[in-house]
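Hi,

Here is the structure I promised to pass on. Have a look at it first, and my notes follow below.

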Amino acid sequence: MRSARRPAAGDPAPMHAAMDLLGQRWMLRIVWGIEPGPIGFLELRRRMDNCSSSMLSVRLQHLQSAGLVLKRPDKAYELTTAGRELAVALEPLWAWSRGWREGGS
């Protein structure tokens, strides 16, 4: 069943582009890791568990190029307006994941 908000027809390119970007390993975890507020590279790296420094650096560059993350003059990373909008869009997934992890339906 289609969502009432999703058009039955239309240009799928924006959604495809978003899925291609955000479907890459670590991308959503990085956005979620930055969501609480500006964070330095080393602290963000600690939040990413097994993500290597080089992979984190590459992914941050992609997120910056996409306009979702910016690097501040103090070298901390923060979400742009678009990045914050994405983080808000992830909140239902976060809520769902908590129930799923706890064995709920």
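**Notes on the helices**

Helix H4 (residues 53–65) has 13 residues and spans 18 Å from first C-alpha to last, close to the 18 Å expected at 1.5 Å a residue (expected span being 1.5 Å times one less than the number of residues; helices, H or I of at least four residues, and strands, E of at least two, are DSSP runs numbered from the N terminus). This is a predicted model, where local features need pLDDT of at least 70, side-chain atom pairs count only at pLDDT 80 or more, and totals for chains, interfaces and linings use all residues. Residues are numbered from 1 along each chain as its sequence is written, and side-chain values use heavy atoms, with hydrogens and water left out.

Which residues of H4 are buried? They are Leu56, Arg59, Leu60 and Leu63 (buried is under 20% relative accessible area, exposed over 50%, partly exposed in between; 1.4 Å probe, protein chains only). These four sit on the same side of H4, because their arc around the axis is only 105° (taken from the directions from the helix axis to the C-beta atoms). They pack against helix H2 (27–34), helix H3 (41–47), strand S1 (69–71) and strand S2 (77–79), with contact meaning heavy atoms within 4.5 Å. On the face turned away, Ser54 and Ser65 are exposed. Just after H4, glycine 67 has a positive phi of about 80°.

Over in H2, the buried residues are Met27, Ile30, Val31, Gly33 and Ile34. Their arc is only 160°, so they share the same side of H2.

Finally, tryptophan 100 belongs to helix H5 (residues 81–101), and counts as exposed because its relative accessibility is 54%.

Cheers
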